[in-house]
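Trainee: I would like to learn how the words used for a structure follow from its values. Could we go through some of them step by step?

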Amino acid sequence: MANRGPSYGLSREVQEKIEQKYDQDLEQRLVDWIVAQCGGNLERPQTGRENFQKWLMDGTILCRLINSLYPRGKEPIKKILDTQMAFKQMEKISQFLQAAEAYGVTTTDIFQTVDLWEGKDMAAVQRTLMALGSVAVTKDDGHYRGDRDWFHRKAQGYRREFSQEQLRQGQSLIGLQMGSNRGASQSGMTGYGMHRQIM
C-alpha cells in the first residue's frame, strides 16, 4: 500500500463517506462465492475491510476467479504469476478488470486499480464483484459455481420483430404524447387587446 499520511478536512469527510458504503454482509457472501468458484483450496480471509483488501490485493485470486468463469483452454488470463512486485500485482488487477469488462460487466460497474490496491474504495470493489456474479448467473453457461440466490439475474433484452405492414401503419398514427386537437375550436376567441362583445 502507498504510504500516505492521514487526510484532514474535506478529504477526510469524503473518505469516511466512501468507507461507510462498504457492506460487511456482502463481503461474507463474496468470499463464499469466490472460494466456491475458484475451488476449496483458497484460504479465507479474516472478516473486515482491510483483510478483504489484503486477500485480493495481489490480483491472483481475481485472475483465478475470472478464469474459472470460462471453459478450459479459453481463459482470458493465460499466465498468473505469483509475485511480490507491486507493479506486477497491479498489472494482474488491470488484467482482471479488462477480462471482467470483456465478460460482460459494464464499464460503470468496474472499479479502478487504486481502489483495491490502496484500499481507497473497497465498496467499488464489492460492486464490481457483485456485477460479475450477476453476469455469471445470467449467462447460465454451466461455469458458475455457488448459490444462485447470491446474485440477481440481469434483465435480458426482448427483441421485437415488426412486419413492413405494421411499420407502415405506425407511421400514420399520431402518438398521444403529441397531443390531440379533438373538440378544439376557436369559438369565443378574440384578438389580443380586444374586448369581448356580449350581445
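Trainee: At what angle do helix 2 and helix 7 pack, and how far apart are their axes?

Mentor: Keeping in mind that this is a predicted model, helix 2 (residues 24-38) and helix 7 (residues 122-139) pack at an angle of about 50 degrees, and their axes lie 11 Å apart.

Trainee: Which residues of helix 2 and helix 7 meet?

Mentor: Helix 2 contributes Leu26, Glu27, Arg29, Leu30, Trp33 and Ile34, which meet Gln126, Leu129, Met130, Leu132 and Gly133 of helix 7.

Trainee: Why is the pair of phenylalanine 52 and tryptophan 55 called tilted?

Mentor: Ring planes under 30 degrees apart count as stacked and those over 60 as edge-to-face; here the planes stand at 35 degrees, with the ring centres 6.3 Å apart, so the pair is tilted. Both residues lie in helix 3 (residues 49-56), 3 residues apart, which is about one turn of the helix.

Trainee: How do you know whether phenylalanine 52 is buried or exposed?

Mentor: Buried means under 20% relative accessible area, and phenylalanine 52, at 0%, therefore counts as buried. Tryptophan 55 has a relative accessible area of 11%, so tryptophan 55 is buried as well.

Technical notes:
Residues numbered from 1 in each chain as written. Predicted model: local features only at pLDDT ≥ 70, side-chain atom pairs only at ≥ 80, totals over all residues. Heavy atoms only, no water. Axes fitted to C-alpha atoms, helices over the stretch in contact; angles between N-to-C directions. Helix = DSSP H or I, 4+ residues; strand = E, 2+ residues; numbered from the N terminus. Contact = heavy atoms within 4.5 Å. Phe/Tyr/Trp six-rings, centres within 6.5 Å; stacked < 30°, edge-to-face > 60°. Buried < 20%, exposed > 50% of the residue type's maximum accessible area, 1.4 Å probe, protein only.
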